[in-house]
Amino acid sequence: MSLPTALGALKTAADLSVQLRNLLKQSDQLPVNEVLARIIEMQELIADGRSALIDLQDELVTKNGQIETLSLELRELRDKSRLGEKLVSDGCAYWFPDKREPGDGPFCLACWDADGKLVRLRFLAEDIWVDSPGRSRLYKCEIHKDSRIYIPCK
Ligand SMILES: [Zn+2]
């Protein structure tokens, strides 16, 4: 039952109660069967309206839960977007620029690009990349277990 139908049923029940009260005021000789029939009709209308309102209340609780979940997701996306605007890539990893060089980092390119996860790379060793023209450092992403990420030293 929809909300307008539920409200209509409750209004009809209220109207019937007014009619019944007016009839009782005019005459105390009303047939008992007629009074009982109107009372039963009002009870059914009230029960239908109440049932519909309970269903709608459950639906509202569900909708409120969905709104809360979507609000949290929106907040996370906004936070992630702001975080992404601050990240700088050197081609090997992401960094947060800082007054100190090279800044806070490094963070895994693949984890951020694919999943939006900011995963700090774990330092393994220095000067291990023989093809590098200068010094470099070897890092590993704990998410990508087989990763070997060489970052030239600045
Ligand atoms: Zn990774």
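## Sheet pairing and nonpolar core

Tyrosine 94 has phenylalanine 107 of S3 as its bridge partner, in a model that is predicted. This pair belongs to the contact between strand S2 (residues 94–96) and S3, which run antiparallel to one another and are joined over two bridges. The sheet itself is open and is formed by three strands in the order S1-S2-S3, with antiparallel pairing. Strand S1 (88–89) and strand S3 (104–107) each have a single partner strand and stand at the edges, so one side of each is left without a neighbour in the sheet.

Tyr94 and Phe107 also belong to the largest nonpolar core, which has eleven residues, including Leu121, Tyr139, Ile149 and Ile151. Two or more residues of this core come from each of helix H3 (109–115) and strand S6 (149–152).

Tyrosine 139, which lies in strand S5 (residues 136–140), is buried, because 22 other C-beta atoms lie within 10 Å and the cut-off for a buried residue is 20 or more. Between tyrosine 139 and leucine 121 there are 18 residues of separation in sequence, yet their C-alpha atoms are 5.8 Å apart in space.

On the scale of the chain, the domain assignment gives domain 1 (3–84) and domain 2 (87–152), and the C-alpha centres of domain 1 and domain 2 are 60 Å apart.

Terms used
Residues are numbered from 1 along each chain as its sequence is written. This is a predicted model: local features need pLDDT of at least 70, side-chain atom pairs count only at pLDDT 80 or more; totals for chains, interfaces and linings use all residues. A nonpolar core is a set of buried Ala, Val, Leu, Ile, Met, Phe, Trp, Tyr and Cys residues joined through C-beta atoms within 7 Å. A residue is buried if 20 or more other C-beta atoms lie within 10 Å of its own, exposed if 12 or fewer, and partly exposed in between; C-beta atoms are placed from the backbone. Helices (H or I, at least four residues) and strands (E, at least two) are DSSP runs, numbered from the N terminus. Two strands pair if DSSP finds at least two bridges between them. Domain bounds come from an automatic or database domain assignment.
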